[in-house]
Amino acid sequence: MSSTEWPLVVFTILVQMSVGLLIVSELACVVGGTAAHSLLKYRESCSLALGLVGLAFSFAHLGTPAHSPFAIFNLGHSWLSREIFCTSAFLGCLVALTIARRMPAFAAFAPLVAVVAGVAGVASVFAMSKVYMLVTVPAWNSPATVLNFAGAALLLGALAAGLLACLRWSAMSGEAARVPVVRTMGVLLIFAALGLVAKFIEIPLSLFAGLPTNARGVSATTIVLTNGLGAYVLQVVLLIVGTALFVHVANAATRGNRSLLPVLGACALLIALAGEVLGRLAFFDMHVLIGL
Amino acid sequence: MFKRPAFHIDVATCTGCKTCMIACKDKNDLPAGVRWRRVSEYTGGGWVQRADNTLTQDVFAYYVSIACNHCEEPICVSVCPTTAMHKDESGIVLVDTTKCIGCNYCAWACPYRAPQFNAEAGVMSKCNFCIDYQKEGKPPACVAACPTRSLTFGESDDLKKQFGDSVAMAPLPDPAITKPNLFVTPGRTAKPMSSASGMIRNPEEV
């Protein structure tokens, strides 16, 4: 398993989770109404925190972080420039959204800023996928990369939103605790399922894309299926177990059973996150160049 | 100074002595692990059964000395987020170290592995075609050092007239991807591009 790309593993996963959390929770609020707004009250703040931590990790990957302002100089050609621009725009929108929802004077702008943040988030995940879809790296240059990143955003975003809802609900008491959670949890379950389906399509697709052997006699698929087979299988198991646990959490929530929900929700997220980390390490291990 | 310099390698006569690698490291005072020029040892073959059931061998080995090919469509330049990686007026691909963030993205993309990360400086580094020597009318250090004269350089258009288009030969990548300013005279045992009959046997060096 790769150890040199840890900053990028953390950066990509946290930013994708941040984007997923915002989009999934905003849509849950649209469907779930005031109940969802109450359960997911701190969604933009948490999304911002995740994104900022992710961005901070990205600097650890750079040889000369002091030159990072130059990184958006090649927007016309470089997907890396576009990724940095879109991610920065997404985080800027989250700052604006956090302010708009905390300060009544700006509250009217919140819906518009939320939509712009969502669009910037989707653009960020798409640009992040395109960064790795290099024509010289067959294993990455496939639709599997888009599915991988979008799937991670949806799955982890839904599970993170679920944890937020569980934490908030468990902290409520009296009349407030009778808030209806079915619609909110239903939306989160749908997005978690979509994320898992994307991962199930992505995994065999990326293994197929990584089959070509280069002049060094190395194939990306051989690397992950020989050196890291155990971790690769564990990735799949953890993603399934994390999602299954979340289904259990959502089911318990809809029955009004609040005991242990935050703990179970946290476990579901951490298990799926561990699976995603293993998958992302394998993804970076699959960097096998054509040619020399 | 040529208007658009290019390298030519004669694989048929290259002995794989790696003097070019050493001359490059020496001239540019490169730190350990940074190799602007690398010589790949491409070998393969084995026992082959003939029609009369006797055995013969078809082993082969040849060497490919590669630095930056200062491509016409350099992927390192197009992916670089800062524009630190750029082509100058002579088409030489250079790194502006005052802009480079050391993200390694160019190294991830280049199929010739030309950009090399200089961990001491925190930025990328690569072959600059000994631009200083060329301005003095001298050949690049690697070319000057080659004992068999297998490695030469010249005006790209002249080399193209003399040797034809860039050759699609193993272990080199498809030249259509970046359009390298590299001309190759293949040897007798040269294998076609993407051939699975051979393998680079010194990956730790290149």
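Colleague: In this predicted model, what share of the contacts in chain B between residues at least 6 apart in sequence joins residues at least 24 apart?

Modeller: That share is 61%, where two residues count as in contact if their C-beta atoms lie within 7 Å.

Colleague: What makes a residue count as buried, and what percentage of chain B is buried?

Modeller: A residue is buried if 20 or more other C-beta atoms lie within 10 Å of its own, and buried residues make up 45% of the 206 residues in chain B.

Colleague: Which residues touch the most other members of the largest nonpolar core?

Modeller: Of its 156 residues, those are A:L159, A:A161, A:L188, A:A272, B:C76 and B:C142, while helix α5 of chain A, residues 143-171, gives the most to this core, with 18 residues. Leaving aside residues up to four places away in sequence, A:A161 touches A:L188 and A:R43, among others.

Colleague: How do you know that α6(A) and α8(A) are roughly antiparallel?

Modeller: Their axes come within 10 Å and cross at roughly 165°; angles over 145 degrees count as roughly antiparallel, and the two helices are therefore roughly antiparallel to each other. Their crossing is left-handed, and the residues of α6(A) that meet α8(A) include A:L188 and A:L196.

Terms used
Residues numbered from 1 in each chain as written. Chains lettered and ligands numbered in written order. Predicted model: local features only at pLDDT ≥ 70, side-chain atom pairs only at ≥ 80, totals over all residues. Buried ≥ 20, exposed ≤ 12 C-beta atoms within 10 Å, placed from the backbone. Core = buried A, V, L, I, M, F, W, Y, C linked by C-beta atoms within 7 Å. Helix = DSSP H or I, 4+ residues; strand = E, 2+ residues; numbered from the N terminus. Axes fitted to C-alpha atoms, helices over the stretch in contact; angles between N-to-C directions. Parallel < 35°, antiparallel > 145°, perpendicular 65-115°, else oblique. Left-handed = near helix turned anticlockwise from the far one by under 90°.
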